[in-house]
Amino acid sequence: MKLLQVLFLLALITTSCDYFKAPKKPEAIARVENEYLFKSDIENLVPKGTSKKDSVIIVKAYIEKWATQKLLFKGAQLNLSKDKTAEFETLINQYKVDLYTKAYVEQLVIKKIDTLITETQIKEYYDKNQQYFKNASELVKLRYINLVKENPKFENIKAKFTSFAAKDKEELNQLAIQFKSYAFNDSIWVDINQVYQKLPFINTENKEKYIANGINFQYPDSSTVWLVKVKQVLPKNSTTPLQFLRPTIKQVILNNRKLELINIIEKEITNDAIKNKKYEIYK
């Protein structure tokens, strides 16, 4: 029995010794006065697969930058005037307040805001502000196909492209894998700058030749042929169509709602604080 008691006591002492051991200190890799950079601080610094030589360069550069910043900061604390450091402290404190309050208000807005924007609301906003919507460049409705010259079905494709009846459009979509590029949705407005990108043979110098209402043409280059139908052109500084502005108007309406909601939230918080005696103005 005594032997069991002795063994139990030894086990307890051993366990207690382990329990009261000081935690292992993190491994320091650099020091500037009383501040340390630890190995754990750079664990994810070097991307996986980096060579040993490049890893050393990356780590060395990081350590030197860390040390330089610490030394400059400490030098600034010692050498800048009291007025300047006080000014910086005020800015730092204000930034902290702004950062926290902005995050908190945004969190409240996300919970409360109505993000549903109807077509009626978009139309009402557009009608009310239509005089301010002027397109900065020409807008174009067009369709096109770019295909190799040797395509055996060229004449058939050209006929369907020109006709563009519902059945023709469906068949062209089925043949689209043969085209180098194409766009069939000629009911939407696109900016002329997008046309320059998609149809590289058109530019600011020759656009009058290729971009005009109702024009239908064929343009061959070194290895391909372009089939183009320009449905409609809206001149620069014309009233921008609602269709083109719809995404922008939706965002404007949403932003306006956010601003209104922020004002409401701020007033509610202030009024609640007054009601609960947390906020007072002394006369």
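A nonpolar core is a set of buried Ala, Val, Leu, Ile, Met, Phe, Trp, Tyr and Cys residues that are joined through side-chain atoms within 4.5 Å, where buried means under 20% relative accessible area, exposed means over 50%, and partly exposed lies in between (1.4 Å probe, protein chains only). The largest such core here has 16 residues, and those with the most contacts inside it are F201, I202, I211 and V228. The model is predicted, so that local features need pLDDT of at least 70 and side-chain atom pairs count only at pLDDT 80 or more, while totals for chains, interfaces and linings use all residues. Residues are numbered from 1 along each chain as its sequence is written, and side-chain values use heavy atoms, with hydrogens and water left out.

**Nonpolar cores**

- Not counting residues up to four places away in sequence, I211 is in contact (heavy atoms within 4.5 Å) with V140, L142, I192, V195, I202, V230 and V233.
- A second, separate core has 15 residues, among them V105, Y126, F133 and L254.

**The loop between α4 and β3**

- S137 lies in the loop between α4 (119-129) and β3, and this residue is buried, with a relative accessible area of 12%.
- The side chains of S137 and D191 are joined by a polar contact of 2.7 Å; a polar contact is a pair of N or O atoms within 3.5 Å, of which, within protein, one must be able to donate a hydrogen and the other to accept it, and residues adjacent in sequence count only if both atoms are side-chain atoms.
- Leaving aside neighbours within four places in sequence, S137 touches D191, I192, N193 and K236.
- N135 also lies in the loop between α4 and β3, and N135 counts as buried at 4% relative accessibility.
- A polar atom of the N135 side chain lies 2.8 Å from the backbone oxygen of S137.
- Among the residues that N135 touches, not counting those up to four places away in sequence, are L234, P235 and K236.

**Strand β2**

- L37 lies in strand β2 (residues 35-38) and is buried, with a relative accessible area of 2%.
- The contacts of L37, not counting residues up to four places away in sequence, are A28, I29, A30, Y62, I63 and W66.
- L37 and D191 are 154 residues apart along the chain, and their C-alpha atoms are separated by 53 Å.

Terms used
Helices (H or I, at least four residues) and strands (E, at least two) are DSSP runs, numbered from the N terminus.
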